[in-house]
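Dear colleague,

I am handing over the structure below, and after it I set out what was found. Please read the notes with the model open beside them.

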Amino acid sequence: MNRYPGPRSFTGDDRHLFFGRDLEKQELFRLIVLNGLVVLFGESGTGKTSLLQAGVCPALEARQYKPVFIRLNNTAEAPEIQVCRQLKEGGFIPADMPEGRTLWEYFSRFWYVDLGEVFTPIFVFDQFEELFTLYKPDERKEFIKQFADITNHRPPPGLPPEAAAPPQAKFIFSIRSDFLYLLDELSADIPSILRCRFQLRLLGREQAADAITRPAGVEGAYVSPKFSYSPAALNGILEALGRHETEGRLAAGHPTATLEIAAFQLQLVCRQLEARIIQEQKPESFTIEPDFYGGRAGIRNIIDEFYNTVIEKVPAAEREAAERLLARGLIRNGRRIMMEESAMREEYGLSQATLAQLHEERLLKREARKGELYYEISHDTLVKPVLERFKKIEEAERERKAREEEERLQKEREKIRRARLRNIIIGIAALALLGFAFWRNNAALSAQQSAQQAEERATIQRQKAEEAEAKAKEAGEEAKQQQRIAELEKKKARTAREDAELAELKAKGEQAKAAQAEKELAEKSRILFKKFLIEANDDIYRLQYENALAKLYEAESFGLEKPAVARTYMEIAFWFAETNRLDSAKTATAAAARLLGREGLAKEVEKTFNRIGLRTLLKRLDNDHFDFLEARHFPDLVPIPESEFMMGSPDSIGSSNEHPQHPVRLSAFELGKTEVTYWQFAIYAENKGLSITTFAPDWGVSGDHPVVNVTWYDAARYANWLSIREGLDTAYIFEGDNFQRIDSLANGYRLPTEAQWEYAAGNGAEHTAYSWGNELPIGKKGGNVADETAKRKFPDWTIFTGYEDGFIYTAPVGSFNPNDFGLFDMTGNVWEWCQDRYGSYQEEAQVNPIGPDSGSYRVLRGGSWFSLPGRARCALRSAVFPDFRYYRYGFRLARTGGQ
């Protein structure tokens, strides 16, 4: 971790490095606590976001407030819709809450529970000027009207009485000073917007000195050693960064305390100096002197060259496109805007690696929205160097094109001049050649006549010589002819033998080619077979059974590995049978029977017309594989014996809602070996006409992962459905869609009580801190919590350092060692719903406690893949509304008794 954030804002994780704003933190904190609406304003670069995130928000959270940051910068959506979406994505309101409601309803529905304590929300509208700069008047009118209803305690028309209470929330508008006048547009509807304002000014000399020097000496695991600044170096930095208009006052003898310094520039300089210390491997307690940074000019160059330094690291092939994106795509009318990553890559041809590099170098800032990444230039201070450098590029490009055009015109002029000269020379040469040709023609006719006479005389002499020679040779010619005939006969015999040998070799070659072709065909067939079989099983893993069946038909056509294909057919048949898709189930069952040589059983399939009959045939076909499929698709419960234990935590450990620790006696019960998976829950969903995509997280559905995005009511309905399927009594009583009560005497499936869950998770009366024991996690003796794997994808996460569980999000159930009861994933993976309403503990001993009779929240236990181990202790409690759907929430089932 660096000591200075550089271009980015401070976050809550940086609060121990945030110096120079003590007075501002105290005053702004006081205003927020005492007022419902506060306007924070200041120039760009003063550090408004840093003050909120690293200064004020940690103090607010300690006082049971929950700051929630909201940006209104997506012009594709109405502002109030963006509020709804961001609250959903943050997990602050139910994910299935419909859009089109009012801000009153969104803010009223807000919940935040941490360790069982309910926090009051503080909605921070960061960079609020975007409401005015990005939206047309009619687009922001509705937002202003709805927000005015809240601040004026005026319920929107049509609300039911129970929703008419004003939202218990506070609001902060953070806006740049040069846009402050725009709030007058809101003052008629929202008078309170003028009452409480806090101006954040540029850093003064003493404040800037603290912000520069104190992080350098903080103890901790930082990438740089501790270092310091000499007085001369510190003064040089302060004066170089001070506002230009103050320099004249300094020269005139005014005190240096009048210096005003932008926090952004200060952090940028300090980050570059720290980077140089790291690069040059300076020792512990190194002192920075003015010559280390090149004096006043060197500080100025750091600011001016930051952009140049970062952009020069971009691969040469993409550098021009990157600069064009920054200057033309991410700046409009001299102001920063945001752009979607896919649009940036498509329009400007930049690779994902280059965009990630610019983000890592803090030139770009990114944020995720609905699974898409958006980028913007990290700060207004960088707009000027971006535009200036690109202006030079454009000027150089215009000069280059002008030179090329001048060169082209010069070449055209030279070409025309040469063509004219060539035409003149050709004309003169043509006249000369015409006279010379006339003279040469007469001479050629005379020479031709003499040559013909000489040739006739030579022909007569040659004929006489040839006749004499022919007579001389005629006598020996016949003998030579006979000799040639003999040689030709020998050659023919030799040629026939060679032809025979050649034919034999060709035949062998053809055989070899045929064998090789057959081998290659077999190999290609095997590869294609494997491809189709693997894809079919992948589709099953993602619950896409129709696709899997089509792929399996292709795999079967190769006639390979028939038992493996048959088992896959059986799994598809099992799914279709359990979801009452009987025709598809019968087709897959018959195919499996034929592949296993069970023709008689294949014929019986046609006579089977219900789920039970098909299950019987599948069990007869392969009993062991049927048992495997049954265990995969339906929960397996583990018996937990009658017992006693101390529930909760000692007063010295944990949070107040875990106290007091008290004795509990439990009767025997059964608890799910694993969390309910997508394979298990999807059969219920299909039978009830529900789409499994309703419960899908952003990273997709996988069969053996725990189902998430389930409400408490979803879990209760699944338990009832499974009970009815097995002929058991249902534990949860519904009238239509409305939940009424729990039948505690029912023998069917239900959620575990909070006491049952804690006892089973903590290995019984031993009551260990985690399901794996009291020590911190190690490898498979651990669980799926926030770890190094997740940190690589989400660098800003706080994790359990040094632990690697191998999963970014959820893990397949059973990926880690079970606890002493044989239960998997009781710590981490997903938060698990319990049956109880949330309430305080009592000191008295209890027998089979079931929680309070009333209350708005239902209990959750166990932590998730997002949790630090400390947030996943067996005794730790959390609670939310039972209709809340979240990608970290799942469940496991229980039953009363030891059946």
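**Arg-336 and its surroundings**

Arg-336 touches Gln-127, Leu-330, Lys-365, Glu-376, Ile-377, Ser-378, His-379, Asp-380 and Val-383, leaving aside residues up to four places away in sequence, where contact means heavy atoms within 4.5 Å. This is a predicted model, in which local features need pLDDT of at least 70 and side-chain atom pairs count only at pLDDT 80 or more, while totals for chains, interfaces and linings use all residues. Residues are numbered from 1 along each chain as its sequence is written, and side-chain values use heavy atoms, with hydrogens and water left out.

Arg-336 lies in strand S11 (residues 335-336); strands (E, at least two residues) and helices (H or I, at least four) are DSSP runs, numbered from the N terminus. With a relative accessible area of 18%, Arg-336 is buried, a word that stands for under 20% relative accessible area (1.4 Å probe, protein chains only). Its side chain reaches the backbone oxygen of Ile-377 at 2.8 Å.

Five strands form an open sheet with parallel pairing, in the order S2-S5-S6-S1-S7, two strands being paired if DSSP finds at least two bridges between them. Strand S2 (65-70) and strand S7 (197-200) are the edge strands, each pairing on one side only. Within this sheet, strand S5 (residues 120-125) and strand S6 (residues 170-176) run parallel and are joined by 4 bridges, and Val-124 has Ile-172 in S6 as its bridge partner. Helix H3 (residues 79-89) packs on the sheet, where it touches S2 and S5, and its direction makes about 125 degrees with that of S2; angles run from 0 to 180 degrees between N-to-C directions, and axes are lines fitted to C-alpha atoms, for helices over the stretch in contact.

An open sheet of 3 strands has mixed pairing and the order S16-S17-S23, with strand S16 (643-647) and strand S23 (846-847) at its edges. Helix H26 (residues 754-761) lies across S16 and S17, at about 95 degrees to S16.

**A helix pair**

Helix H24 (residues 678-687) and helix H25 (residues 712-725) pack at about 85 degrees, with their axes 11 Å apart. H24 is therefore roughly perpendicular to H25, a label for angles of 65 to 115 degrees. The contact is made by Gln-680, Phe-681, Ile-683, Tyr-684 and Asn-687 of H24, together with Asp-714, Arg-717, Tyr-718 and Trp-721 of H25.

With kind regards

Definitions and conventions. Angles under 35 degrees count as roughly parallel, over 145 as roughly antiparallel, 65 to 115 as roughly perpendicular and the rest as oblique. Buried means under 20% relative accessible area, exposed over 50%, partly exposed in between (1.4 Å probe, protein chains only). A polar contact is a pair of N or O atoms within 3.5 Å; within protein, one must be able to donate a hydrogen and the other to accept it, and residues adjacent in sequence count only if both atoms are side-chain atoms.
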